[in-house]
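Subject: A structure for you to look at

Hi,

Here is the structure I promised to pass on.

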Amino acid sequence: MDSLSLISAFQSEGEPLSLRPFLIIMISVNNVTLAYGKRVLFDEVNINFVKGNCYGVIGANGAGKSTFLKIVSGEIEPNKGNVDITPGERMAVLNQNQFAFDEESVLNTVMMGHKKMWKVMHERDAIYAKEDFTEADGIKAGELEEQFGEMGGYTAESDAATFLSELGVKDELHPQLMKDISANLKVRVLLAQALFGNPDILLLDEPTNNLDVETIAWLENFLADTDKENNTLQQAAGEKNILLKRVQTQRGLYEQAVKEMKKAENHLTTTLTSTNKSPEQKARGF
């Protein structure tokens, strides 16, 4: 990636191997090449994204930051190579199309961010709506209810409403159609959609666009407190504070963990040394 750079919020270089965390790769970019005519954006790109890290893609305008995120998300197919994601991990992407959900309510738009949950909910409702409801339908509905519950479906509406309220979208707007709210509110709804349901992998393309200072601060704090088992990959263009704050928070947690582990090692060494002393040495205070 000659024209782009990556910032990672978690770096273990320079620490002893015993202090480095067990690395789990969640996203693997393999030999990715993309060109538009004679312009080559990416040539044989190979990079792994490790679980629990927050990454930022930085570069000049037109360098291909958004394009790279679209390749990772599967929206754009590279000319060569592939992107592998750990099976079972759920990816969420900040949608840039403000008109994609015009006919949906604000609340439903947020819940649609968890695609599997949304699909299961509609499959379940379709079964319950059948006039010739059979025993097999009952069994299938029960299976769907279990899946729905495991994905947090029974609190989905209240969780979505909480996200919207915290992002400054008032309660009275939640049942309105997306086409009937202002453009700056649509951005907030789409951000809530991406964050909804605690995705394993979160791709954010310039997430602070059209957000006020208070909402940016909320997002900074939210990402800083997000489950450290997840991945965040975002494009940092004009507003880099949100990424840098997460980098500092994550790095601080890591440095504190290293200190605690070193302290424990020193304590263990002292204890073992004391245990291995002869009775004569202990009596003499050696």
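Let's start with helix H3 (residues 115-128) and helix H4 (residues 135-150), whose axes come within 9 Å and cross at roughly 150°. Axes here are lines fitted to C-alpha atoms, for helices over the stretch in contact, and angles run from 0 to 180 degrees between N-to-C directions. That angle makes H3 roughly antiparallel to H4 (over 145 degrees counts as roughly antiparallel, under 35 as roughly parallel, 65 to 115 as roughly perpendicular and the rest as oblique). On the H3 side, the residues in contact (heavy atoms within 4.5 Å) include Met 117, Val 120 and Ile 127, and among those they meet in H4 are Ala 141, Leu 144 and Phe 148. By class, this contact has 8 nonpolar, 1 polar and 5 charged residues (Ala, Val, Leu, Ile, Met, Phe, Trp, Tyr, Cys and Pro count as nonpolar, Asp, Glu, Lys and Arg as charged, and the others, Gly among them, as polar).

Before going on, please note that this is a predicted model: local features need pLDDT of at least 70, side-chain atom pairs count only at pLDDT 80 or more, and totals for chains, interfaces and linings use all residues. Residues are numbered from 1 along each chain as its sequence is written, and side-chain values use heavy atoms, leaving out hydrogens and water.

Next, find helix H6 (residues 183-195) and helix H7 (residues 213-225): their axes come within 13 Å and cross at roughly 5°. That makes H6 roughly parallel to H7. Arg 188, Leu 191 and Leu 195 in H6 meet Thr 215, Trp 218, Leu 219 and Phe 222 in H7.

Which residues touch the most other members of the largest nonpolar core? They are Leu 164, Val 189, Leu 191 and Phe 196, in a core of 41 residues. A nonpolar core is a set of buried Ala, Val, Leu, Ile, Met, Phe, Trp, Tyr and Cys residues joined through side-chain atoms within 4.5 Å, and buried means under 20% relative accessible area, exposed over 50%, partly exposed in between (1.4 Å probe, protein chains only). H6 gives the most to this core, with 8 residues. Leu 191 touches Leu 94, Leu 167, Leu 204, Pro 207, Leu 211 and Leu 219, leaving aside residues up to four places away in sequence. Apart from this core lies another, of 19 residues, including Val 29 and Tyr 55.

Finally, look at helix H1 (residues 65-73), where the buried residues include Phe 68, Leu 69 and Val 72. Just after H1, Gly 74 takes a positive phi of about 95°. Helices (H or I, at least four residues) and strands (E, at least two) are DSSP runs, numbered from the N terminus.

Enjoy exploring!
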